[in-house]
Amino acid sequence: MTAIPVVFCFDSRIILGASVAIKSLIDCAKDSTTYDIRIFHSDIKLEDQKNLSLLTKNTRHSIAFHYIDPHIFNGAPRNKGSWTEIVYYRLLTPEILKEYDKAIYSDVDVLFKGDLSEVYNMNLDGYEIGAVPSCTVKSIKVNQPERHFPENKNEKNYMSGFIIFNCKLMREEKTVNKFFEKIGRAHV
């Protein structure tokens, strides 16, 4: 079987939590599953990268690091809480992982309890992403105003912590360029 790309985006503040997530991902893999783990970051030191790489030592899985310029998403909406530019790094997945037609993105505040091959193999024909709907934007505005972005004119909101990207379709549709157009920046 071809390796399943799994993307994580985090910075140096969450190395320990990310290690737990990555270790649980590897430990729950079926014998027939191989993960190509990709970490998008802006400040993870080389020593920490080496330590994280040890999680895949003597396994069939791999891990690679992709530096993202922290200024690339200047101008993108942020809230007053934990939404820094790092939350946007996942949007670059189709361009960074050009060798893959699909990829899984996961936040690092998770503990995997099962293999991801079935999820990865979901049919996404005609859809740019597979994601779980959460609540309506109206509900967020009323009940969690700190999470509301006035720029969001959609009726529904989707959970962004676990996404299956249809990278092939997103490249065809030039979706990443559309993200940058939306925030008023040219894609660098």
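Mentor: Begin with the rings. Ring pairs link F73, Y88, Y89 and F180 into a cluster. Keep in mind that this is a predicted model: local features need pLDDT of at least 70, side-chain atom pairs count only at pLDDT 80 or more, and totals for chains, interfaces and linings use all residues. Residues are numbered from 1 along each chain as its sequence is written, and side-chain values use heavy atoms, with hydrogens and water left out.

Trainee: How many aromatic pairs are there by the ring rule?

Mentor: Rings of Phe, Tyr and Trp (its six-membered ring) pair if their centres lie within 6.5 Å; planes under 30 degrees apart are stacked, over 60 edge-to-face, the rest tilted. The count here comes to four aromatic pairs. F73 and F180 are stacked, at 5.0 Å centre to centre with 15° between the planes. F73 lies in the loop between β3 and α3 (93-96) and F180 in helix α7, so the pair ties together parts 107 residues apart in sequence. Helices (H or I, at least four residues) and strands (E, at least two) are DSSP runs, numbered from the N terminus.

Trainee: Are F73 and F180 buried or exposed?

Mentor: Buried means under 20% relative accessible area, exposed over 50%, partly exposed in between (1.4 Å probe, protein chains only). Both F73 and F180 are buried.

Trainee: Which residues touch the most other members of the largest nonpolar core?

Mentor: In soluble globular proteins, nonpolar side chains tend to be buried together. A nonpolar core is a set of buried Ala, Val, Leu, Ile, Met, Phe, Trp, Tyr and Cys residues joined through side-chain atoms within 4.5 Å. The largest one here has 50 residues, and F8, F10, I37, I39 and F73 touch the most other members. Helix α1 gives the most to this core, with six residues.

Trainee: How many salt bridges does the structure hold?

Mentor: Side chains of opposite charge can pair when their charged atoms come close. The rule asks for a side-chain nitrogen of Lys or Arg within 4 Å of a carboxyl oxygen of Asp or Glu. The structure holds seven salt bridges. In one of them, K23 pairs with D27, the closest N and O atoms being 3.0 Å apart. Both lie in helix α1, four residues apart, about one turn of the helix.

Trainee: Which residues does the salt-bridge network link?

Mentor: D36, R38 and E99 are linked in that network. D36 and R38 are both buried.
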